[in-house]
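Have the model open while you read.

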Amino acid sequence: MRGPAARRPSSTSAVGCVDAVQVGAYTVPLRAPESDGTLEWDATTIVVVEVRAGGHTGIGYTYAPPAAARVVADTLRGVVVDRSPLDTGGAWSAMVDAIRNQGRPGVVGSAISAVDVALWDLKGRMLGLAVADLIGRFHDAVPVYGSGGFTSLDDRALSDQLGGWAADGLRAVKMKVGRDPRDDPRRVDVARTAIGSGLELFVDANGAYTRKQALCLAQAFAERDVTWFEEPVSSDDLEGLRLIRDMAPPGVDITAGEYGYHLPDFHRLLTAGAVDCLQADVTRCGGITGFLQVGALVDAHCLDVSSHCAPQVSAHAGTGVWHLRHLEYFADHVRVESLLFDGVLRPVDGALRPDPGHPGLGIEFKRADAERFRVAGIG
């Protein structure tokens with residue numbers, strides 16, 4: 001439904017209205033530069049949104065450039081203020097309407113996601129429910145896999161990182177490939193030696209390979225018991241993904257989807273038959289509201305979905321998706337969330353388990369600690 005009735009709830013007297021939306025961008029330097037098959041970086045930027053109503057504050061965030069904070073401040077704040085804090089669906093729809101002329105993908109989609117997550121957190125706090133229980137759980141816990149294995153790591157560091165996750169009880173780990181295709185089989189051998197034969201090993205090329213390179217390496221990876229081949233070619237190359245999915249050895253799943261920002265992005269991947277398991281990022285695809293929509297779409301195609309990064313939000317969102325496979329426990333995001341939030345979840349027996357005794361997302365923003373990372377002029 002569109003129009004005024006969709007944009008404003010009929011009554012907010014029982015719970016009040018959203019009275020403030022604050023946003024800040026924070027750039028956290030890495031301990032050392034990192035790289036994958038197609039990109040190099042030395043810092044991680046997180047945009048944090050706080051939404052206030054009735055004496056409660058909801059927290060949301062996205063991993064995006066500071067420009068996403070500008071979208072929140074300049075466009076989305078005015079849409080959300082004075083709405084009922086319980087009206088998460090209506091607020092999401094109104095935000096999508098408000099950005100029509102700005103375009104949905106990229107920083108705009110990330111901005112909507114951060115505000116939506118903050119509204120769900122706020123709603124959970126006001127009702128005394130964990131977001132996972134507010135959504136309605138299909139799963140009590142979400143399995144995680146350790147993610148890192150950057151191409152910038154030497155063999156020792158690669159072994160230490162992946163072997164450390166194995167020692168911590170994670171049942172799968174993922175490494176980056178694609179920077180030097182000729183050396184990738186050897187690096188995978190190093191990883192397999194570090195984790196042993198009992199864990200699943202995933203690789204992520206971030207779209208670095210050509211189609212023929214990807215087909216050749218899919219065979220080499222299968223021989224090393226790799227079961228997950230992420231973005232072997234660009235996610236924009238739907239024909240290429242489908243080709244590799246059809247011709248990859250049995251037991252090697254072809255995956256993509258982390259750069260989806262709205263339902264048509266995921267629909268194209270699914271209808272093209274391009275993936276064995278779809279990925280979705282709750283901080284890009286429209287927040288928790290959008291992630292649940294993606295989950296329903298995947299259910300209709302009888303496939304699984306894997307949650308991409310942002311573990312503190314993804315753990316809650318993932319419990320509410322029927323065919324969820326697992327969650328990417330990405331090293332950079334784990335570090336940033338530990339630095340900036342109290343109450344972060346840690347894996348137990350290879351899974352994150354949202355606590356029903358902690359309303360909302362169960363995290364608190366460490367504002368004083370975050371201040372040294374704040375991007376000037378944003379907020």
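What follows goes from the overall build to local detail.

This is a predicted model, so to speak of local features we need pLDDT of at least 70, and side-chain atom pairs count only at pLDDT 80 or more, while totals for chains, interfaces and linings use all residues. Residues are numbered from 1 along each chain as its sequence is written, and side-chain values use heavy atoms, with hydrogens and water left out.

**The whole chain**

The chain holds 14 helices and 14 strands; these are DSSP runs, numbered from the N terminus, with helices being H or I of at least four residues and strands E of at least two. A compact globule of 379 residues would have a radius of gyration near 21 Å, and the chain agrees with its 20 Å (taken over C-alpha atoms; the rule is 2.2 Å times the number of residues to the power 0.38). Along the principal axes, the C-alpha atoms fill a box of roughly 65 × 40 × 40 Å. Of the 379 residues, 58% count as buried, where buried means under 20% relative accessible area, exposed over 50%, and partly exposed in between, with a 1.4 Å probe and protein chains only. Among contacts (heavy atoms within 4.5 Å) with a separation of 6 or more, 72% join residues 24 or more positions apart.

**Two helices**

The spans below go from first C-alpha to last; the expected value is 1.5 Å times one less than the number of residues.

| Helix | Residues | Span | Expected |
|---|---|---|---|
| α7 | 12 residues | 17 Å | 16 Å |
| α8 | 13 residues | 19 Å | 18 Å |

In α8 (residues 211-223), the buried residues are A214, L217, A218, A220 and F221. An α-helix has 3.6 residues a turn, so residues three or four places apart point the same way. The buried set of α8 packs against α7 (184-195), β6 (200-204), β7 (226-230) and α9 (238-247).

Over in α7, the buried residues include D184, R187 and R192, along with V188, V190 and I195. Their cover includes α6 (155-167), β5 (172-176), β6, α8 and β7.

**Positive phi angles**

Just after α8, D225 takes a positive phi of about 65°, and α7 is followed by G196 with phi near 85°.

A310, in the loop between β10 and α12 (311-319), has phi near 45°, but A310 is buried at 0% relative accessible area.
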